[in-house]
Amino acid sequence: MGSRAAALAGRTRDVCALCSGRSGRGIGRAAVASGETRQPVDGAVRVRAVLFDLDGTLVDSAPDIHAGVNAILAEEGVAPLPFATVRGFIGGGVPVLMTRVIAATGMEPARHGALCARFVERYEHDPGGLTRPYEGVEEALDALADLPLGLCTNKPEGPTRALLSHLGWQGRFSVIVGGDTLPVRKPDPAPLHEAMRRIGGGEVLFVGDSEVDAETARSAGVPLLLFTQGYRSTEVAALPHLAAFDHWSALPALVRGR
Ligand SMILES: O=C(O)COP(=O)(O)O
Ligand SMILES: [Mg+2]
């Protein structure tokens, strides 16, 4: 990571990009949420590429993941789980999701492998009938299309590519690192390092929503822009991040450093 990016990464700034909420215009108003005086994001740093988390960051996929889990439970003759419960299980990838589902339902742990395989097979076939991009995402990605953009997600590559196709996003990302691309998943930094390598290195920002993303970015030494409306359960102030935003209309300015 370049020294300028290290300087940038060394600065944390709780910037809560509050938006007017006007019809999609969402005029982002940056305010130092913590009230402390922090170094502003150094506009001199030229970001070369942006890597994004997917679930809870670019898209609200919890409804489809919930439906997929309960379809698997129905096949197993097990009662469904509530939406909020499954939504809270998202972030660590399918193996973590299924470990949590097994614990919550009292199913046989020996079923883990079969449940993971069935969930991925089903998800790849039916990736996103209920999944929606968060408001302003497509406009933000359009505004950043001059930069190389990539994904670093714990969702397996198959369902990820199926979902991108379903959304008409096939051409948006030149790099896709999924939960099964490497032998390890986030919060190990390796997937983020691999995505950085594939996208060509240089000053890279990571955009994520969860504790997993914050830990991944921290251990990879990459500045995190934290989307606050995803699936985290930890307070924003407790997650290491360069800046936080609650509406996608604020993101392009955060990336451009102005
Ligand atoms: O698949 C998950 O559990 C989470 O995926 P994400 O890394 O895109 O948030
Ligand atoms: Mg996520």
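UniProt annotations may be inferred rather than shown by experiment. I keep that in mind throughout, and also that this model is predicted.

**Entry 1: the record.** I looked up "binding site" in UniProt. The unreviewed entry lists Asp53, Asp55 and Asp209. I checked how they sit in space. They are spread over 157 residues of sequence, yet they cluster, with a largest C-alpha distance of 8.2 Å. I then turned to the lining of the largest cavity, and it takes in Asp53, Asp55 and Asp209.

**Entry 2: the ligand's place.** Which space is the largest cavity? I find that it is the space taken by ligand 1. I listed the residues around ligand 1 next. Asp53, Leu54 and Asp55 are among them, as are Ile90, Gly91, Gly92 and Gly93. The list also includes Thr153, Asn154, Lys155 and Lys186. Sorted by class, the shell has two nonpolar, five polar and four charged residues.

**Entry 3: polar contacts.** I went through the oxygen atoms of ligand 1. One lies 2.7 Å from a polar side-chain atom of Asp53. For Gly93, a polar backbone atom is 2.8 Å from a ligand oxygen. A polar backbone atom of Leu54 is 3.2 Å from an oxygen of ligand 1. I also looked up the cover: on its own, ligand 1 has 280 Å² of accessible area, and the protein covers 95% of it.

**Entry 4: domains.** Why does ligand 1 lie between domain 1 and domain 2? Domain 1 (49–61 + 131–257) gives residues to the shell, and domain 2 (62–125) does too, so ligand 1 lies between them.

Notes:
Residues are numbered from 1 along each chain as its sequence is written. Chains are lettered from A and ligands numbered from 1 in the order in which they are written. This is a predicted model: local features need pLDDT of at least 70, side-chain atom pairs count only at pLDDT 80 or more; totals for chains, interfaces and linings use all residues. Side-chain values use heavy atoms; hydrogens and water are left out. A residue is near a molecule or strand if one of its heavy atoms lies within 4 Å of it. A polar contact is a pair of N or O atoms within 3.5 Å; within protein, one must be able to donate a hydrogen and the other to accept it, and residues adjacent in sequence count only if both atoms are side-chain atoms. Accessible areas come from the Shrake-Rupley method with a 1.4 Å probe; for residues, only the protein chains shown count as cover. On a 1 Å grid over the protein atoms alone, a cavity is a set of points where a 1.4 Å probe fits but cannot get out, and a pocket is an open set with protein on both sides within 12 Å along at least five of seven lines; lining residues have an atom within 4 Å of a point. A molecule sits in a cavity or pocket if more than half of its atoms lie within 2 Å of its grid points. Ala, Val, Leu, Ile, Met, Phe, Trp, Tyr, Cys and Pro count as nonpolar, Asp, Glu, Lys and Arg as charged, and the others, Gly among them, as polar. Domain bounds come from an automatic or database domain assignment.
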